Each structure stands twice: as C-alpha cells, then as structure tokens.
Amino acid sequence: MIDLYLCHGHVYVWNASAACDLRERHRIVGTFVGALPRLPRQNVRLGRPLQLMPEETTLLLNKGIARLLDGNIPPKTGEDASQAITEHRQQSFREQAEICKNDRKRKLHEMASVIAKGRAAKRKKLAQKEKADDESSSSLSASDVTSSTWDQHEEEEEPRLSGEEMKELEAKLEKTTGYNEQAFLVQIMTEQDSEETQETIPWNYPTTDTEALRCRVFQDLWEKGYFLTSGGKFGGDFLVYPGDPFRYHSFYIAVCRPRTENMEALDIVRLGRLGSNVKKTVLLCSESEDGEINYTSLQWTGLN
C-alpha cells in the first residue's frame with residue numbers, strides 16, 4: 001500500500017520507492033515539485049515530493065493501490081526522537097564533509113597541471129634572477145652554459161607534479177578541519193519513521209459533474225494502457241502517451257466535454273488546428289447514457 005499525503009489541498013508522494021513504483025508498475029507519472037538535495041538553488045530539474053493530479057489520486061484510491069493520509073499532522077516528538085534527529089544531522093554533516101573533501105581532491109587532480117606550470121614558472125623566475133646576479137659579478141662560466149642548456153631542455157617538457165608533491169598536497173587537504181556546519185544542507189524529515197498506524201482520511205473529489213467526467217475519462221484511458229499527464233499547456237485536459245513520457249511523445253490531447261454541451265464550429269476548428277500545429281490528434285471525450293466513454297478525434301486537413 002502506497003502512502004499519499006494530503007497537504008493544503010494537494011496530494012504528495014514523499015517516498016522515493018513509492019514514486020518509482022507508481023511510474024513503473026501503475027503508469028502514474030505525477031509532477032516533481034521539490035528541490036534536489038545537491039542542487040537546491042535551481043528549478044530546471046526538480047525532485048521529491050511527487051505531486052499527483054486529483055484524477056491520479058482518485059484512480060489510486062478507487063483501485064486500492066494507495067491510501068490517503070493527513071500531511072498536516074505534525075510528527076510526535078520526544079526525548080528519544082530529538083536525540084535520534086540530532087545524531088542523524090551530525091552523521092549527515094560528517095558525510096557531507098567527506099563529500100566536500102573528495103570533491104576538493106578531485107579538483108586538485110584536475111588542476112595538477114596548472115599547479116605544476118605555476119611552480120615551474122616560479123623556479124624559472126628564481127633561476128633567472130640568480131643567473132643575472134652571477135653575470136653581474138663574474139663572466140659566464142662553463143657550468144653556467146651547462147645549466148642554461150639544461151634549463152632550455154626542461155622548458156620543452158610539460159611540467160608535472162611528482163608523486164611526492166601530490167601526496168604532500170593531499171596531506172594538506174586531509175588536515176583541513178575548517179568546515180562550517182551551518183554551511184551544509186539540513187535534511188527536513190518528511191515522513192514518520194515509526195510503527196504507529198496513521199488513520200486514513202476521506203478524499204472529497206470529484207465534487208462536480210465536470211470533475212467526475214475528467215476522472216472517468218482518465219480511468220478509461222489508463223485502463224487502455226496509456227500514460228497520462230496534465231494537458232494544460234496544450235489547451236486540453238490530458239496528454240495521452242503510448243508509453244513512458246521519458247521515451248515517447250504524446251499522441252493525443254484529451255478534451256473532456258459533456259455529451260449535452262453544444263460546441264460552436266469555431267471551437268472545433270480551433271481545437272483541430274491546435275492539434276495540427278503540435279502534431280497531435282485532439283480527442284473529444286464524453287460519456288454516453290449507458291456510462292461508456294466515447295471518443296471523437298479531430299484532425300486538421302486544410303482546404304484543397
């Protein structure tokens with residue numbers, strides 16, 4: 001049984017395994033709305049929690065796949081729970097400090113050639129200074145010629161750090177203890193790790209005929225083996241995919257309309273041209289008198 005949490009009118013899935021199970025086994029996609037732990041200050045790629053559409057929640061509850069819990073109830077805290085949270089945060093700090101140290105080691109190896117060139121340039125500058133001092137006091141000797149020839153040969157080779165120099169730099173990194181605990185990320189507990197049984201709460205959806213039609217259309221297409229996501233960006237109710245949206249483009253734009261609703265010709269033309277522009281077929285979805293879902297496809301063919 002998958003736990004769904006209702007919080008301020010929205011339904012979320014916090015457990016990572018449950019989110020994977022919903023997508024892989026039950027074809028429920030949802031939308032990630034949380035920040036990634038390692039990239040919290042961006043909104044291009046998002047992570048948990050997984051927010052579900054009302055139609056997805058209704059389907060999961062009707063099929064007995066999930067249960068709905070109250071996400072507004074604060075977790076029970078006590079002395080043992082507070083100590084466990086403190087120890088968890090300290091362990092998280094140590095792990096993040098180790099990750100930072102490994103990142104610095106990796107960057108050190110990446111910058112090894114730059115460091116070697118800088119040290120070689122510094123040695124060359126000191127050698128030139130010593131050579132100038134020697135030339136000012138005495139004439140150039142045979143040993144100076146040999147040294148000059150050796151310096152010219154050394155410049156032709158790519159400077160590299162020796163093994164001892166690299167170990168010395170890594171040893172300095174190991175001695176680094178200046179990590180500030182306040183600068184690290186703090187994990188916010190989003191799910192109770194306890195054996196207490198939490199009571200389920202009722203799901204008051206759908207409440208109107210339009211919402212009921214959307215739920216029935218969603219369930220009918222889902223039972224036919226399709227993946228469905230929100231179709232608001234394409235002017236419809238749902239986008240219908242033949243497979244996982246990560247691998248396939250959507251084939252249809254589902255538009256839910258009551259059977260008795262009148263549609264003007266201009267609206268039909270608009271939907272047909274919309275589907276043609278985005279290379280999809282528009283499905284007008286309605287419910288018949290006997291409760292069966294009927295589909296009417298619209299495709300813009302133009303005028304000859």
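Two strands are taken as paired if DSSP finds at least two bridges between them. I applied this to a predicted model.

**Entry 1, the sheet.** I looked up the strand order and found an open sheet of five strands, β6-β7-β8-β9-β10, with mixed pairing. Its edge strands are β6 (227-230) and β10 (293-298), each of which pairs on one side only. I noted an average twist of 30 degrees from one strand to the next. I then checked which element packs on the sheet: α7 does, touching β6, β7, β8 (252-256), β9 and β10. The direction of α7 makes about 80 degrees with that of β10.

I examined how β6 meets β7 (residues 238-241): the two run antiparallel and are joined by four bridges. For Ser230, I recorded Phe238 in β7 as the bridge partner.

I found 33 residues in the largest nonpolar core, where Leu4, Val13, Ile28, Leu52 and Leu60 have the most contacts. Helix α7 (residues 209-223) gives the most to this core, namely six residues. I also noted a second, separate core of 10 residues, with Leu239, Val282, Leu284 and Leu298 among them.

I located Leu284 in strand β9 (residues 281-287). Is Leu284 buried or exposed? I count Leu284 as buried because its relative accessibility is 13%, and the cut-off for buried is under 20%. Beyond four places in sequence, I listed its contacts as Val255, Met263, Leu271, Asn294, Tyr295, Thr296 and Leu298. Val255 lies 29 residues away along the chain, yet its C-alpha atom is separated from that of Leu284 by 5.1 Å.

Technical notes: Residues are numbered from 1 along each chain as its sequence is written. This is a predicted model: local features need pLDDT of at least 70, side-chain atom pairs count only at pLDDT 80 or more; totals for chains, interfaces and linings use all residues. Side-chain values use heavy atoms; hydrogens and water are left out. Buried means under 20% relative accessible area, exposed over 50%, partly exposed in between (1.4 Å probe, protein chains only). Contact means heavy atoms within 4.5 Å. A nonpolar core is a set of buried Ala, Val, Leu, Ile, Met, Phe, Trp, Tyr and Cys residues joined through side-chain atoms within 4.5 Å. Axes are lines fitted to C-alpha atoms, for helices over the stretch in contact, and angles run from 0 to 180 degrees between N-to-C directions.
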